[in-house]
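Here are some notes from a look through the model, jotted down point by point. Have the structure open while you read.

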Amino acid sequence: MKKIFIVFLGWVLAVGAVAANAGTRIEITGPDLGVRMVENQELLTDNPNLMAWTQTNQGERFYLCKTLEDSICTNAANIRATSFLPPCSASIVQNCVKSLYAVDETGKRFEGIFNRYVADGSANEFPANEKVNLPLGRGQGGIWNIPGLKNGAGNEDYYVGARFDLWAKFGGGRIYENFYPSRMITGISPVSTKLGDFGINYSVDSTNPASDGSLNGGVGSGNNSKDGSWKNCVVTEVGKCYMAADFPQGYRFGLTLKLGSTIKGWFHGRIYQPIISVKTESTGGAEEITVEALPVIVPTIEERVPASEITPELKTFLQNHEVSNGFGYVMPEASEPLSFEHTKLWIPILKDKATKSLTYWSVRTLGNINDPVIANCTKSDGALSGIVTTNSLVYNAGPPEFDKTTQNLNYKVLSTHFAADGSIAKGTYDLILSSTVARCIYKFTSAPISASLTILSEDGSPQVATQTINEKNGWLTLSAAGFTYSSPTIAVKLTQDKAAAATPTPSSKTPSWAQSKKTITCVKGKVKKQVSGFNPKCPIGYKKAA
C-alpha cells in the first residue's frame, strides 16, 4: 500500500497541530495554493500510542513504547498517552464512554448500543492501568447503533470518538504523578461505510528522520490508505472509510463519559444549546460528565487558488509566519489566535463563501486561558467552569475576554458571510458560565444576576438576534442565534442589584434552557420587529410595544 505520511516538526507542535506539517513557512512556488479548514481531524489522523519524552545531550527526544514497563518508558522523564476511550463494561468502569443517546422534541430518548471498535489492532495499542489513571489504548473510537433513529444515509450507524491526550511524570523508573488529561476531543457523527483501499494510522517517533533535518525527528503519524480520499473520511480502517452522513432533524444528541479524574477549566466546540451535567464521586476524584446538545451547521473551506490571485498581504503573512499545513493545503486552525489574521486574508479571495456547510457535534477542552481575570476565577472554581460554542469558521476557543472599562465579556468570531449554497450564513453562540466564576469575575454577591447580550457588527452597529438568557441551578446560560458574519463581537454584560437579598448558591450542576419561549413586539418609529426567546429583549433603538 502507498503510505501517506503526516509529520510534525516537534513535540509541542505534535500536540497542538492537526493533520499537518505544523510550524512551517509556505513558499508559493507552484501554480496554485490550497487552503483547507475542516473539523475533527484529530479523530481521523492519530491512533492510540504511548510516547516517552526524554532529554539528551543533543536535545529532547520522543520514543514509542508498548507498555509502561518497557525500558523506553521507565527511563523517560514524562510519558504521553493518546487514547480513544472504550465503551464502559463490567471490566472497564472508568475512562470510558458510558452512553450515547438522542432525544426528540417530545422528550423521547433513544439509547445507543456499542457495536464495534474502529481501526482495532493497530501496532501501538496498550493495556489500561487504573492505578495510574491510564485508559485503554485500543482503536480510534467505535461504531454505535441507535435503534429506531435513521441518519441521512438511511442506516442507524453513528461514530463516537472520545480522544484523550494524557501525561504522566516518571522518576526513578516509576510513575510519581498519575496520568492527567491535557486535552479531550469528542465527536459524534452519523456515518455510512465506503469500501476501498483504505488503511489505518501508524505512529512514528524520533527514529524517523524529519523532513527539515530536525534532530528531534519526524514525530507524528501516517496512514496506510492508498485511496487519497481518506482525508475526507470521519475515520478509516483496513478496507473501510466511514463517511459523514446528515444528522436526523429535530434530535438532540448526548454523550456521557466516566473519567478517572476530574476535568477542570473550559469546554468549547461545535454544538448548539448545550446542557451540561457533572457528577463527582465523593472519594477518588472520579467524574461523570454528560453533554447534550443539538448538532450545528459549520462552514468548511477546501479550495485551491491560482498563485496569481494570492494577494501581497497573504504572501507577506505566509512568508513571516509558520502555519499548519497538510494534505497539500495550508490549514488555519479554527480556534487558534493567529487564525483570525490568517483566515481574514483568505476570505476575500474565496469570495466570502464557504466551500461546504457540514453538520457537526463536537466538544473539546481548552488548553490555555489568556485573560488573567478569568484564569484566576476559573482556578478558584476548581471544577468545570463553562462551555463556549459557536458555528463560526474561526472563533476564540477560550472563555470571553473581560473588558474592565465596559465591564463586558467580549467574544470574537470570524466566518464567511455566505454559506456554501449562496445563502447568508446565520451565526449561533452559546455561553454556559458557572455562577461561581461569574460572581468571581464581577465580585458579585450570591444575589441573582441579570445579563444582556449584544451582537456588534465589525463597524460597531448592533444586530438583531434571538436570545436566551437565564441563571438556574448554578449556571448562567446565554444563547444567541440568527446573526450574520463576517467578524462580529458578541458582548455580554452582567449586572446585579446591590440591594437585592442574598440567595443561597444552588448546588446542582445541571443547567436547563428548556423554558417557555416568549415573543415580544419591538417598535422603532413605524418599523416593528418580533423578537422571540426565553428572555427576549428589544435591540438597541427599539422599544417594547405596549
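The points below take up the cores, then the strands, then a helix pair.

1. First, a caveat: this is a predicted model, so please read everything below with that in mind.

2. I'd start with the largest nonpolar core, which has 50 residues. Its members with the most contacts inside the core are F179, F253, F267 and W361. If you want to know which strand gives the most to it, look at strand 11 (residues 157-171), with 7 residues.

3. Setting aside neighbours within four places in sequence, F179 touches L68, I79 and A81, then V132, N133 and L134, and finally L166, W167 and A168. As background, nonpolar side chains in soluble globular proteins tend to be buried together.

4. Why call strand 18 (residues 265-270) largely enclosed by the rest of the structure? Because 6 of its 6 residues are buried, and here buried means under 20% relative accessible area.

5. Strand 18 also has two pairings to look at. With strand 25 (residues 384-390) it runs parallel, joined by 5 bridges, and G265 sits opposite L384 there. With strand 24 (residues 356-365) the pairing is antiparallel, over 4 bridges. In that pairing F267 faces T365; F267 is also one of the residues with the most contacts inside the largest core.

6. Five strands are arranged in the order 8-7-17-20-19, and the pairing is antiparallel. Strand 8 (109-111) and strand 19 (272-280) are the edges, each pairing on one side only. From one strand to the next, the twist averages 20°.

7. Within that sheet, strand 17 (residues 252-259) and strand 20 (residues 287-294) are antiparallel partners over 7 bridges.

8. Last, the helices. Helix 4 (residues 312-320) packs against helix 5 (residues 337-346) at an angle of about 145°, and their axes are 9 Å apart. The crossing is left-handed. On the helix 4 side, the contact is made by E313, L314, F317 and L318; helix 5 answers with L338, E341, H342, L345 and W346. By type, that contact splits into 6 nonpolar, 1 polar and 2 charged residues.

Definitions and conventions. Residues numbered from 1 in each chain as written. Predicted model: local features only at pLDDT ≥ 70, side-chain atom pairs only at ≥ 80, totals over all residues. Heavy atoms only, no water. Axes fitted to C-alpha atoms, helices over the stretch in contact; angles between N-to-C directions. Left-handed = near helix turned anticlockwise from the far one by under 90°. Contact = heavy atoms within 4.5 Å. Nonpolar A, V, L, I, M, F, W, Y, C, P; charged D, E, K, R; others polar. Core = buried A, V, L, I, M, F, W, Y, C linked by side-chain atoms within 4.5 Å. Buried < 20%, exposed > 50% of the residue type's maximum accessible area, 1.4 Å probe, protein only. Pairing = 2+ DSSP bridges.
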